[in-house]
Amino acid sequence: MMVLIKQNFLERQTVYIYNSFKVMILELSNRNDIKGFLEKQGFVFKKKLGQNFLIDGTVAPRMAEFSADENTGVIEIGPGAGVLTRELSSRAKKVVAIEIDENLREILSKTLEGCANTEVVFGDILKTDLHTLISDKLSDCERITVCANLPYYITSPVIMKLLRENLPVESITVMVQKEAADRICAEVGSRNAGAITAAINYFSKAKSLFFVPKSSFLPAPKVDSQVITLEIRKAPPVTVSDEEFFFKTVNACFLLRRKTALNSISSALGIEKPQLRTVFEEMGISETARGETFSMETLACLSDKLREIV
Ligand code: SAM
């Protein structure tokens, strides 16, 4: 089977597959084309791997625009059938896409035919040594970014891995569930904030980019999505004496969402309430305050004080 890629009409999303003198034109973001092609390849969507592939031709180009230019090395997580990968490939210096599902190997070899600057690595993003991957494959790129339509079952662990490993990455542009996006992009100290808001804010500035309805995917998930971008900070907005303990404190503040921060921290960190009350008093925090009202400065100061007593 020979594949010829044409870079014109709907450019990067159209693949021409030549098979025994027959030409199959495959538009990667066309529902029927991709459905038929994947079926022919014997591919079955796996819900547990968050496999909802993009079939709205306008989304991948917009995401790629935010992430790639000719000097950029892009890490993509979960290329699926390659619709976003091709958009990234046409704009970036290099693309390394990490895919867990070996059943996509043959498919990606066809749909990414001609994408000479692109490599697919098969493995689990959560187990991938990204420092080594970057130094082995992207060291000649001026800047590194991450771009992905994330598998939703691992949204938070993937984002936290990318942020906490101190990678030489400038920005992370990802599609996540709308609800997760609202939480991530909320103001720290506002009603919508959660532990993830503060944790992400420590490393980056989160910005909501655009809405993507569930009808834009095959198969359609139950929820809508949102594309967000995280611009990595050069330094955290607050200083803490123990970063690990800071994240423990943040999680503790939000563990019991309907309870006061005092109750929540007490059960999460096993600190006696009278001792906690003293710390709250010293800091001028009300006993009835909830975690979502805490600013980054309050969380940092609280973490440093609690560290001394646990
Ligand atoms: N990028 C494609 C698109 O937009 O159409 C597919 C996105 S789909 C939401 C998520 C992709 O992530 C799937 O291809 C899935 O197999 C892959 N995936 C799931 N878990 C993964 C993991 N732990 N490591 C790497 N890839 C994973």
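Biologist: How many residues of domain 1 are in contact with domain 2, and with how many residues there?

Modeller: Start from the division itself. This is a predicted model, and its chain is divided into domain 1, residues 2–232, and domain 2, residues 243–307. Contact is counted when heavy atoms lie within 4.5 Å. Here 15 residues of domain 1 touch 14 residues of domain 2.

Biologist: How far apart are the C-alpha centres of the two domains?

Modeller: The centres of domain 1 and domain 2 are 37 Å apart.

Biologist: What area is buried between domain 1 and domain 2, and what share of it comes from carbon and sulfur atoms?

Modeller: Buried area is what two parts lose on being put together, summed over both. Between these domains about 1,100 Å² is buried, with 62% from carbon and sulfur atoms. On the domain 1 side, the residues that lose the most area are Arg164, Ala195 and Tyr202, which together make up 42% of what that side buries.

Biologist: Which side chains meet in a salt bridge?

Modeller: A salt bridge here needs a Lys or Arg side-chain nitrogen within 4 Å of an Asp or Glu carboxyl oxygen. The count between the domains is one. Arg164 and Glu244 meet in a salt bridge, at 2.9 Å from N to O. Three residue pairs are in polar contact across the interface.

Biologist: Which helix gives the most to the domain 1 side?

Modeller: That is helix α8, residues 195–203, with six residues. By class, the domain 1 side that touches domain 2 has seven nonpolar, five polar and three charged residues.

Technical notes:
Residues are numbered from 1 along each chain as its sequence is written. This is a predicted model: local features need pLDDT of at least 70, side-chain atom pairs count only at pLDDT 80 or more; totals for chains, interfaces and linings use all residues. Side-chain values use heavy atoms; hydrogens and water are left out. Domain bounds come from an automatic or database domain assignment. Buried area is the accessible area (1.4 Å probe) that two parts lose on being put together, summed over both. A polar contact is a pair of N or O atoms within 3.5 Å; within protein, one must be able to donate a hydrogen and the other to accept it, and residues adjacent in sequence count only if both atoms are side-chain atoms. Helices (H or I, at least four residues) and strands (E, at least two) are DSSP runs, numbered from the N terminus. Ala, Val, Leu, Ile, Met, Phe, Trp, Tyr, Cys and Pro count as nonpolar, Asp, Glu, Lys and Arg as charged, and the others, Gly among them, as polar.
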